[in-house]
Amino acid sequence: MAHLLIFGLGYTAKRIAAGVREYGWSVDATGSAGNVDFADADAVAAALDKATHILSSVPPSRDSGLDPVLENYGEVLNGRALFYLSSTGVYGDQQGAWVDESSPTGIGRRNARSDADAAWMAMAARVFRLPGIYGPGRSALDRVGTGKARRIDLPGQVFSRCHVDDITSGVVAALTSNAPAGAYNLSDDLPASGNAVTAHACALLGLEPPPLETLEQANLSEMARGFYSENRRVANGKAKRVLGWKPQYPNYVEGLAALLSAQGQHHSRDR
């Protein structure tokens with residue numbers, strides 16, 4: 001029976017775990033919601049002995065810049081069926097141009113992520129480069145509803161995003177089909193500005209959009225400013241061709257509509 005070991009059972013990885021369980025797989029995982037202590041080498045070794053597939057969703061350390069999974073367990077991972085959740089941030093700023101898996105990496109602000117991406121690629125992993133992830137509890141609807149939404153005046157700035165359920169279906173497709181090693185972009189079909197998404201969320205909720213601000217007026221964190229400094233469109237054709245993947249929510253309009261509908265159903269059940 002197939003058995004998946006997940007390093008880092010976070011927002012997306014929890015859904016991937018649920019997805020493979022529907023195929024009859026068993027799952028072990030590290031992280032606060034998991035059943036294996038990452039720092040316990042014996043427990044990890046026991047989980048690795050059972051694992052037919054290994055997925056890491058652990059980002060590089062903010063302090064050291066190193067990948068904790070590769071630093072601690074990289075030697076025993078070689079030669080295994082490896083899967084890694086990376087970021088489209090490895091492509092850097094492309095001034096709005098399209099990128100695909102053949103585009104250069106390691107040229108942006110995310111050097112540690114690019115190094116980790118390259119290291120997993122060198123180990124023949126399936127590396128999923130993910131854009132902005134949204135889904136239940138983590139979308140423009142939530143930011144608007146809590147008053148945390150911003151609109152930054154940056155004409156021409158666009159980025160790609162993907163509903164967490166579509167990321168899950170893409171990764172599960174790769175896990176269950178013996179997909180070839182290499183990089184896969186999982187993104188929707190419609191790159192768009194953050195302002196357009198925020199404005200649409202406001203319209204759905206019947207609220208006025210927040211005012212446009214300059215970067216200086218917004219007083220953003222260094223991480224957020226870095227995000228707005230990059231501008232690119234992410235192509236997803238390889239995942240569609242090789243994995244047979246098709247996003248259920250090909251654009252933010254459909255994705256937000258589904259989230260709003262699910263919220264309405266949840267509230268009606270609560271009553």
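Leaving aside its neighbours within four places in sequence, which residues is Ala235 in contact with? Contact here means heavy atoms within 4.5 Å. The partners are Trp98, Val99, Asp100, Glu101, Asn185 and Ser187.

Ground rules before I go on. This is a predicted model, so local features need pLDDT of at least 70 and side-chain atom pairs pLDDT 80 or more, while totals for chains, interfaces and linings use all residues. Numbering runs from 1 along each chain as its sequence is written, and side-chain values use heavy atoms, with hydrogens and water left out.

Back to Ala235. Ala235 sits in the loop between β12 (233-234) and α10 (237-243). Helices (H or I, at least four residues) and strands (E, at least two) are DSSP runs, numbered from the N terminus. Ala235 is partly exposed, at 23% relative accessible area. The cut-offs: buried is under 20%, exposed over 50%, partly exposed in between, with a 1.4 Å probe and protein chains only. Asp189 is 46 residues from Ala235 in sequence, yet their C-alpha atoms are 7.6 Å apart.

Next, helix α2, residues 41-50. Its buried residues are Val44, Ala47 and Leu48. They cover an arc of only 100° around the axis, so they share one side of α2. That arc is taken from the directions from the helix axis to the C-beta atoms. Why does such spacing work? An α-helix has 3.6 residues a turn, so residues three or four places apart point the same way. Asp42 and Asp49 are exposed on the other side of α2. The buried residues pack against β1 (3-7), β2 (26-29), β3 (53-56) and α3 (68-77).

Now β3. Both of its faces are covered: His53 and Leu55 are buried on one side, Ile54 and Ser56 on the other. β3 pairs in parallel with β1 over four bridges; pairing takes at least two DSSP bridges. Ile6 stands opposite Leu55. Three bridges join β3 to β4 (residues 82-87), again parallel. Here Ile54 stands opposite Leu82.

Last, the rings. The whole structure holds six aromatic pairs. Ring centres must lie within 6.5 Å, using the six-membered ring of Trp; planes under 30 degrees apart are stacked, over 60 edge-to-face, the rest tilted. Phe7 and Phe38 are edge-to-face, 5.9 Å centre to centre and 80° between the planes. Phe7 is in β1 and Phe38 in the loop between β2 and α2, so the pair ties together parts 31 residues apart in sequence. Phe7 is buried at 0%; Phe38 is partly exposed at 24%. Tyr84 and Trp120 are stacked, at 5.0 Å and 5°.
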